[in-house]
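Keep your viewer open, and select each stretch as we come to it.

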Amino acid sequence: MIRVLTARHLKYLPLPLLNILLKLKSKEITPILLYHAVMDQTDNNPLLSGKIHNVSPEIVYDQLSLLKRYFTILPLDELFEQVKSGRNLCGLGSITFDDGYKSVIENAIPTLSALDIPATIMIVSNLVKGGVLWRDKIRFIISKGLVEDFLGYLNKIGSMSLSKENFYIDSKNPGKFNSKQLDRMIEEYLKFSEFNLIMEKNIYLSEDMLDGITYKKVTFGNHTSNHYMLSGLTKEEQYQEIVDCETYLQSLNKETVKVLSIPFGGPDSYNYETISIAKKIGYRGVLLSDGKVNKGSEVSRLGMLKLDRFMPENDTKRYILTLLS
Ligand SMILES: [Zn+2]
């Protein structure tokens, strides 16, 4: 029945009917949800405004309740274990939060706990240690109207050409930049321009906050040490990014998962080296964020499992439509 209904038809159906369709569809799919910030609103923070994936706490509650109603929610490690054992994944689901926003602790863990469901927080280890995400520095430059000035600075030091119009997107193009080098230049620029990010950087969970998580069904995973675009880095740089975060995870007295969440998570954000490093350090697989609802699992050339995730919109009906798509 769902197959004959196109997305165009589905969006006009009332919620109760969509729920029935979702119950039927659940036997065919394996959704892995990818959340980032969980706040009521992000407008008062120039690092977050308009450019960050955010779902409000109430909507996260609705979406997770629905997931629990129609799917068996597994901890991430167990989900990957199912694939390895050749079991069918249909009807299973999992929940992830990438980047380690502190709003996840404040606004999502109480919901996970109330619903008694597991989830994994994919941390960027240098952010937990108090660093600033290079994408936030880019957002900072945009929000302060400094794009032209920054591009002038890059020109002056004889480095890379970026267009003002596509600055945000181009700055993460692995074909154009090594994001580690770009990050260094932004650091220099912000120092030179006497801007500091201290006041506005406090959006990620700290080591203390991480220590304070007592809900037992939360596990932690690797989202690298600086969230650079891995495919634009050298093999050695990639190794350092992945292994540094793994070493940090091991130093925590927490339950961790052997799965790499690839920063940005699209098809161009990783390469053969990425998968080979993850395999070498004993990981079970990698998580992408290409926006698909899994209808099976993919095994890479190196025998590593790859599962995709999608980012729920801040709207429960659209979330259901994505699950039904
Ligand atoms: Zn991320």
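Before the first stop, a term: two strands pair if DSSP finds at least two bridges between them. Helices (H or I, at least four residues) and strands (E, at least two) are DSSP runs numbered from the N terminus. You are looking at a predicted model, in which local features need pLDDT of at least 70 and side-chain atom pairs count only at pLDDT 80 or more, while totals for chains, interfaces and linings use all residues. Residue numbers start from 1 along each chain as its sequence is written.

**The whole chain**

Start with everything shown as a cartoon. The protein chain contains 14 helices and nine strands. Of its 325 residues, 42% count as buried; that label needs 20 or more other C-beta atoms within 10 Å of a residue's own, 12 or fewer makes it exposed, and partly exposed lies in between, with C-beta atoms placed from the backbone. Contacts join residues whose C-beta atoms, placed from the backbone, lie within 7 Å. Among contacts with a separation of 6 or more, 71% link residues 24 or more positions apart.

Select residues 218-222, which form strand 5; five of its five residues are buried.

Next, select residues 256-261 for strand 6, which pairs with strand 5 in the parallel sense over two bridges. Here N222 stands opposite L260. To get from strand 5 to strand 6, follow the chain through helix 12 (residues 235-251), a β-α-β crossover that is right-handed. Right-handed here means that, with the strands pointing away from the viewer, the path from the first strand over the helix to the second runs clockwise.

Go on to residues 285-287: this is strand 7, which pairs with strand 6 in the parallel sense over three bridges. S261 faces L287 in that pairing, standing opposite it. The chain crosses from strand 6 to strand 7 through helix 13 (residues 272-280), and this β-α-β crossover is right-handed.

**Stop two: the core**

Which residues touch the most other members of the largest nonpolar core? Select Y35, V38, V259 and V286, out of the 79 residues in that core. Such a core is a set of buried Ala, Val, Leu, Ile, Met, Phe, Trp, Tyr and Cys residues joined through C-beta atoms within 7 Å. Helix 3 (residues 57-70) supplies the largest share, five residues. Both domain 1 (7-43 + 51-131 + 203-324) and domain 2 (134-192) give residues to this core, so it lies between them; the domain bounds come from an automatic or database domain assignment.

Zoom in on V38. Leaving aside neighbours within four places in sequence, its contacts are V55, P57, V60, S103, V104, N107 and A108.

Select helix 4, residues 76-84, and colour its buried residues: L76, D77, L79, F80 and V83. Seen down the axis, they fall within an arc of 160 degrees, so they line one face of the helix; the arc is that of the directions from the helix axis to the C-beta atoms. Their cover includes strand 3 (92-98), strand 4, strand 5, strand 6, strand 7 and strand 9 (305-307). After helix 4 comes G86, with a positive phi near 75 degrees.

Then select helix 14, residues 316-324, where T316, Y319, I320 and L323 are buried. Down the axis of helix 14, these residues fall within an arc of 100 degrees, so they line one face of the helix. They pack against helix 2 (15-25) and helix 3.

**Last stop: two positive phi values**

Most residues other than glycine have a negative phi. Select D116, in the loop between helix 5 (102-115) and strand 4, where phi is positive at about 55 degrees. Is H227 buried or exposed? H227 is buried, with 25 other C-beta atoms within 10 Å, whereas D116 counts as exposed, with 10 C-beta neighbours inside 10 Å. H227 sits in the loop between strand 5 and helix 12, and its phi is positive, near 60 degrees.

Note on methods: Contact = placed C-beta atoms within 7 Å.
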